[in-house]
Amino acid sequence: MVMSGEETGSGPGSGADVRVPGRTSERPPAPVGLRERKKRLTYQAVSDAAITMFLERGFDKVSVAEVAAAADISKPTLFRYFPAKEDLVLHRFADHEEESARVVAERPPGESPLDALRRHFLDGLDRRDPVTGLCDVPEVLAFLRLLYGTPSLVARMYAYQGRSEAALARALGGGLPARLAAGQIVAVLRILALENWRRIDAGESAEGVHASAVRAAEQAFVQLRTGLEPQPRS
């Protein structure tokens, strides 16, 4: 597991705007040219059309050809933007592939990588960031039900998580210790978010879950620091 206070690379350590419904970007967008802006607008329009249809009829009941027709583009053009049907949904998480890596790289002097990631996740809980799972906005819940309720989307999401893990490992300095740490961190963030979402999907409010979500996150980061030794019961 990760030791507290370790420096980047000294040992062990979830692209386009995410646009998950209810998600607001923390970072101002970098200036882009006209061609890139048009490309982003096309990405957004095609994805919006697809997700609307998927939510109405189910992911498996909507064909790529139908999505292309709704977006007024050809099927080959759609595949130039989205290599797989699943990417019509999951590209909205693309920005988060390197979020943990950015947090580590941009942390203040003197702050350890693990402390930076802990601070960032707790801040996300306070902001009800959909990526933490602690968001009960109806549009977000509908989107996450589509995601977690579709086996092919869940399977495809692991590829995104793998890239997040690789980016974080690079930010931690590379090498086997950094890869092991990144794998543990990404898994912890995923499990915390999934647990929060499951509770909210079962009917609890984000406000009602918040305190216990914070406690669970604190305990998870303690376990990352201390390893798999049994923790004293509180």
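Helices (H or I, at least four residues) and strands (E, at least two) are DSSP runs, numbered from the N terminus. This is a predicted model, in which local features need pLDDT of at least 70 and side-chain atom pairs count only at pLDDT 80 or more, while totals for chains, interfaces and linings use all residues. Residues are numbered from 1 along each chain as its sequence is written, and side-chain values use heavy atoms, with hydrogens and water left out. On these terms the chain has 10 helices and zero strands, and its elements run α-α-α-α-α-α-α-α-α-α from the N terminus on.

**Surface and burial**

- Of the 234 residues in the chain, 44% are buried, where buried means under 20% relative accessible area, exposed over 50%, and partly exposed in between (1.4 Å probe, protein chains only).
- The chain has an accessible surface of about 12300 Å², and carbon and sulfur atoms account for 55% of this surface; accessible areas come from the Shrake-Rupley method with a 1.4 Å probe, and for residues only the protein chains shown count as cover.

- The axes of helix 6 (113-126) and helix 10 (residues 206-226) come within 10 Å and cross at roughly 170 degrees, which makes the two helices roughly antiparallel.
- Axes here are lines fitted to C-alpha atoms, for helices over the stretch in contact, with angles running from 0 to 180 degrees between N-to-C directions; angles under 35 degrees count as roughly parallel, over 145 as roughly antiparallel, 65 to 115 as roughly perpendicular and the rest as oblique.
- On the helix 6 side, the residues that meet helix 10 include Leu114, Leu117, Phe121 and Leu125, and among their counterparts in helix 10 are Ala213, Val214, Ala217 and Phe221, contact being defined as heavy atoms within 4.5 Å.
- By class, this contact of helix 6 with helix 10 has 10 nonpolar, one polar and five charged residues, where Ala, Val, Leu, Ile, Met, Phe, Trp, Tyr, Cys and Pro count as nonpolar, Asp, Glu, Lys and Arg as charged, and the others, Gly among them, as polar.
- In helix 7 (residues 138-148), Val140, Leu141, Phe143, Leu144, Leu146 and Leu147 are buried, and the buried residues of this helix pack against helix 1 (34-57), helix 4, helix 8 (151-171) and helix 9 (175-201).

**Buried charged residues in loops**

- Glu97, in the loop between helix 4 (87-90) and helix 5 (99-105), is buried because its relative accessible area is 14%, and its side chain is joined to that of Arg163 by a polar contact of 3.2 Å.
- A polar contact is a pair of N or O atoms within 3.5 Å; within protein, one must be able to donate a hydrogen and the other to accept it, and residues adjacent in sequence count only if both atoms are side-chain atoms.
- Arg107 is found in the loop between helix 5 and helix 6 and counts as buried at 17% relative accessibility.
- A polar atom of the Arg107 side chain lies 2.7 Å from the backbone oxygen of Val104, and the side chain of Arg107 also reaches the backbone oxygen of Glu111 at 2.6 Å.

**Positive phi values**

- Asp72, in the loop between helix 2 and helix 3 (75-81), has a positive phi of about 60 degrees although it is not a glycine, and it is exposed, with a relative accessible area of 71%.
- Arg128, placed in the loop between helix 6 and helix 7, is a residue other than glycine with a positive phi near 60 degrees, and counts as partly exposed at 22% relative accessibility.
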